[in-house]
Amino acid sequence: MSNRFLHLAAPGVRGLAPYVPGKPPEQLERELGVRDSIKLASNENPLGPGPRALAALAAAAPGVGMYPDGSGHELRSRIAARHAVGTEQVTLGNGSNDVLVLITETFLTPEHEAVYSQYGFAVYPLAVQAASAVARVAAANPAGHPMPLGHDLAAMRALIGPRTRLVLIANPNNPTGTWLGEAELLGFLQSVPADVIIVLDEAYHDYALEHGCPDATKWLARFPNLVVARTFSKAYGLAGLRVGYALSHPDVADLLNRVRQPFNVSVPGLAAASAALDDTAHLQATLEVNRAGLARLHTGLTALGLGVLPSAGNFVLCDFGRPIGPINQALLRRGVIVRPVGNYALPNHLRITVGTPAQNERLLTSLAAVLAEGV
Ligand SMILES: *Cc1c(COP(=O)(O)O)cnc(C)c1O
């Protein structure tokens, strides 16, 4: 498909393909005429938002005639208190995706390089390329590794050179679910030159804590070049509102704020995120549903003879050992939406989000039926 304006686009943009999100249930129902479909494709919280966030949303609705507080002062103060950092260390984003793009816009040029891992989160290649910068992609751990397809920090370190401005790490990583432990991550931080910005994307941190995944915010004072990204989209159940944030040295935050759009988080987003921070009961319920669901999916998928990667998130990456196209289509016809990861060059894998107990059973039963049909 030719585009008549392609030659006018910035060099990085010419080679980009748009991000393909998980299929919305409404679209599936329109396309295939199925009803009561379930979506386990985008790592959303199956419990949705908590009661406190919902109440704050309702209370905020009449205020949407006004611009939001452009500095997001109230939410930033609460986030800062939560992590025991200064308010000037918090940068808000329209989702943490926005934060990642602010970071690449701030630090990358066509002369500079960013290092990330093969199978690292899909937004990294997009954001680096949109900045027309050079991507240095480190080979992932091999399949037989305890963290198969996960980040190989030694391989990443080896790609850091004089032109490197940025290293992007997701811990745990999406789509693999794999994670890095405290000692190896700390050793890596110590080994990276002080003039290379290291982004630790902790979108799944609340889920990952119980798997021994470290909280990188404790290293912020020690490593001024460290940026930690967090989001309200996953465990806090607010994916549709788009709120995320970066924690960093105040001087990094100052630079990010120079490129940040003044009103990048909405009035409802600011209000609901603030309230969600205090809803520990909802977070605990979320973690319990996930703990049980992750174990159930692991057992159920393994019993079907499928390979399941270790996961510290709210999803699993499942290896079918053959191209998943027909299986995915058959699941869609049964109203079950999961996530093909061909965009990661993983044509044999599906990423499956942990759902409610009923959704997990529906996925497992549907998959068993599909496989029994010889699809
Ligand atoms: C989901 C996700 C994000 C970003 O989500 P937002 O909704 O933009 O906050 C960031 N990093 C990883 C690894 C993710 O999986």
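Predicted model: local features only at pLDDT ≥ 70, side-chain atom pairs only at ≥ 80, totals over all residues.

Analyst: Let's begin with Asp36, in the loop between helix H2 (25-32) and strand S1 (38-39). Residues are numbered from 1 along each chain as its sequence is written, and side-chain values use heavy atoms, with hydrogens and water left out.

User: Why is Asp36 called exposed?

Analyst: Look at its relative accessible area, which is 58%. Buried means under 20%, exposed over 50%, and partly exposed in between, using a 1.4 Å probe and protein chains only. Asp36 has 58%, so it counts as exposed. Asp36 also has a positive phi of about 55°, although it is not a glycine.

User: What makes Ala345 count as exposed?

Analyst: Its relative accessibility is 56%, so Ala345 counts as exposed by that cut-off. You'll find Ala345 in the loop between strand S12 (339-341) and S13. Its phi is near 60°, a positive value in a residue other than glycine.

User: Why is His349 called buried?

Analyst: With 9% relative accessibility, His349 falls under the cut-off for buried, so that's what we call it. His349 is found in strand S13 (residues 346-353).

User: What makes Ser311 buried, and which backbone nitrogen lies 3.0 Å from its side chain?

Analyst: Ser311 has 7% relative accessibility, so it counts as buried. A polar atom of its side chain lies 3.0 Å from the backbone nitrogen of Gly313. Ser311 is in the loop between strand S9 (307-308) and strand S10 (315-319). Apart from residues up to four places away in sequence, Ser311 touches Gly177, Trp179, His211, Leu294 and Val316.

User: Why is helix H11 described as largely enclosed?

Analyst: Count its buried residues: 10 of the 12 in H11 (residues 267-278) are buried, so the rest of the structure largely encloses the helix. Among them are Val267, Pro268, Gly269 and Leu270. The cover over these buried residues includes helix H3 (51-60), helix H4 (73-83) and strand S2 (90-93).

User: What makes Phe121 and Tyr124 an edge-to-face pair?

Analyst: A search of the whole structure finds five aromatic pairs. For Phe121 and Tyr124, the ring centres are 5.7 Å apart and the planes are at 85°, so the pair is edge-to-face. Rings of Phe, Tyr and Trp (its six-membered ring) pair if their centres lie within 6.5 Å, and planes under 30 degrees apart count as stacked, over 60 as edge-to-face and the rest as tilted. Both partners count as buried, Phe121 at 15% relative accessibility and Tyr124 at 2%. Elsewhere, ring pairs link Phe232, Tyr236 and Tyr245 into a cluster.

User: How do you know that H5 is roughly perpendicular to H10?

Analyst: Helix H5 (residues 96-107) and helix H10 (residues 250-259) pack at an angle of about 95°, with axes 9 Å apart. That makes H5 roughly perpendicular to H10, because angles of 65 to 115 degrees get that name, while under 35 is roughly parallel, over 145 roughly antiparallel and the rest oblique. Where they meet, the H5 residues include Leu102 and Phe107, and those of H10 include Val252 and Leu256.

How values were computed:
Helix = DSSP H or I, 4+ residues; strand = E, 2+ residues; numbered from the N terminus. Contact = heavy atoms within 4.5 Å. Axes fitted to C-alpha atoms, helices over the stretch in contact; angles between N-to-C directions. Polar contact = N/O pair within 3.5 Å; in protein donor to acceptor, adjacent residues only side chain to side chain.
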